[in-house]
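Trainee: Please take me through the charged side chains of this model, with the cut-offs behind each term.

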Amino acid sequence: MSLAVSTFLTPDPALTATAHRHATQPPPVDDEPLPQADADQLLRAIACTDPQVQVDATELREVICHTPAGRYTILTFATQTGTRAWLDEAQPYGGTYLVGDRWTVIAAPDLLTDLRTRLGGSLEGHHKPSP
């Protein structure tokens, strides 16, 4: 009995990450692995001089950066499963994301396209359903 309760309270991360994925939005599949980068590398690529930390937790770090080109939100994750789970949960809100190995950057699509040429990664877009 206690095993069932423990399993219920601590779901398998692999199941959690895929449970909310929209059937028509599978994760991108590329021949190359996603590029790795830490928050400092991402901030340098964006040329962020005044990062504002919003969340600094073990499993997630969120930093906002305003540059002359525009606003960026940088998310770094402890695991790739965490990255995928976050993207799945963000889907209803819409948006465009540049995704790497354990990181995601949110910005205007043109900023992300430019950033992708410097960092690599995969562009993902979610569109809000019409009311």
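Mentor: Asp88 has a relative accessibility of 5% and therefore counts as buried, where buried means under 20% relative accessible area, exposed over 50% and partly exposed in between, with a 1.4 Å probe and protein chains only. The model is predicted, so local features need pLDDT of at least 70 and side-chain atom pairs count only at pLDDT 80 or more, while totals for chains, interfaces and linings use all residues. Residues are numbered from 1 along each chain as its sequence is written, and side-chain values use heavy atoms, leaving out hydrogens and water.

Asp88 forms a salt bridge with Arg84, their closest N and O atoms being 3.7 Å apart; the term requires a side-chain nitrogen of Lys or Arg within 4 Å of a carboxyl oxygen of Asp or Glu. Glu124 joins Arg84 and Asp88 in a network of salt bridges.

The spacing of 4 residues, about one helical turn, also separates Asp114 and Arg118 in helix 5, whose closest N and O atoms are 2.7 Å apart in their salt bridge, but Asp114 is partly exposed at 42%, as is Arg118 at 43%. Asp101 and Arg102 form another salt bridge, at 3.4 Å, with Asp101 buried at 16% and Arg102 partly exposed at 32%. The count comes to 5 salt bridges.

Definitions and conventions: Helix = DSSP H or I, 4+ residues; strand = E, 2+ residues; numbered from the N terminus.
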